[in-house]
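Let's take a quick tour of a protein model, with an eye on its rings and its surface. Have a look at the structure first, then read on.

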Amino acid sequence: MKRRKILFQWVKIIISAGLITFLIWKISPAKISHYIKDIDPFLLTAALLVFLLSSFLGAVQWYILLKKSELNLSFSRVLNLYFVGLFFNNFLPANVGGDAYKIFDVSRMGNDPYKVFAITLLDRIFGIFGLCILALVSSLILLPSGDIGNISMYILLFAAIVGGILILMLNRRLAKLLRNILTRIKLWNIGERLDIIFNQLGGLRDLKFLMTKIVLLTLSIQFLRIMTHVIVGRSIGMEMSIWIYLYFFVFVPLLGIIMILPISINGLGVREGAGVLLFTSVGILAEQALLVEFLTYAVMVTVSLSGGILFLRRNIGSR
């Protein structure tokens, strides 16, 4: 089993490296290096600060959800765990390794692991919800222009995700029906775990002010994360217009959904390849699209390194 996992990881590394190499070769190394030479370091630093701010707000959101569920950790502790989780998200498979670490760390403080799992998953669901709302609004604005092929399909996808989450959050009858069906799943205790998630969500349903606060917070976080891509684009000299801003607000959430596919290391290569396909469809140069996605990933990795330092300090300090 362990050998199979190692082999699978090697396959994903080869896929990531192969896709990046293919894209560079296909687009032309000379064209890409032309943009790299002219990168604006001030704007790239600004992108890093914007992503750092979004991560700080992400920790605030997780802290609010933990506190609501009577898991009373100090904010400084939650901030520390959040950034360590961010580090592991970038250096463990499938972009969810950090969540596993956060659940493990909070659970070993004597908290119910299923409850921590439910809250962490809820935090993720709010993130997807916020991202899809921004994408849905942008897609509807762009619809009459006809600039983006398949825009109707994207609208249906975003609307289905937003609608599904809204039903779960607001409609007790449908949520109860879904709960009765899903909690019967016995395999790997999935039903039992889903029941805890529904409990957490049900507890929030009556707290309108708290729900409003979390939704506004998650919209701010996702806005800043998309703006990180935009500022990276500006740093390599991309000309911006209101329409190009909107393209980012449609394509970045789509890339987030595509990256769920566990076929590469943290979406590396898949994200860049899909980014090239999407952005070139609206007239953006392939070399710019590739660099925007790759440099944004580099910005995220750089910010997450602070979590690696916190992790090392904590482990050295505990010896």
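Predicted model: local features only at pLDDT ≥ 70, side-chain atom pairs only at ≥ 80, totals over all residues.

**Aromatic pairs**
- How many aromatic pairs are there? The count comes to ten.
- Take Tyr63 and Phe75, an edge-to-face pair with 5.4 Å from centre to centre and 80° between the planes.
- Tyr63 belongs to helix 3 (residues 41-68) and Phe75 to helix 4 (residues 75-91), so this pair ties together parts that are twelve residues apart in sequence.
- Tyr63 is partly exposed, at 21% relative accessible area, and Phe75 is partly exposed too, at 25%.
- Phe87 and Phe88 also make an edge-to-face pair, with centres 5.3 Å apart and planes at 70°.
- Are Phe87 and Phe88 buried or exposed? Both are buried.

**An aromatic cluster**
- Tyr247, Phe248, Phe251 and Phe279 come together as one aromatic cluster.

- Val137, Ile141, Ile242 and Trp243 make a nonpolar surface patch of about 390 Å².
- Which helices supply at least two residues each? Those are helix 6 (113-142) and helix 11 (242-258).
- Ile242 sits in helix 11, and its relative accessible area is 58%, so it counts as exposed, a label that needs over 50%.

Key. Residues numbered from 1 in each chain as written. Heavy atoms only, no water. Patch = residues over 30% accessible without salt bridge, like charges linked within 9 Å, V, L, I, M, F, W, Y side chains within 5 Å. Areas by Shrake-Rupley, 256 points an atom, 1.4 Å probe, with all protein chains shown as cover. Salt bridge = Lys/Arg side-chain N within 4 Å of Asp/Glu carboxyl O. Helix = DSSP H or I, 4+ residues; strand = E, 2+ residues; numbered from the N terminus. Buried < 20%, exposed > 50% of the residue type's maximum accessible area, 1.4 Å probe, protein only. Phe/Tyr/Trp six-rings, centres within 6.5 Å; stacked < 30°, edge-to-face > 60°.
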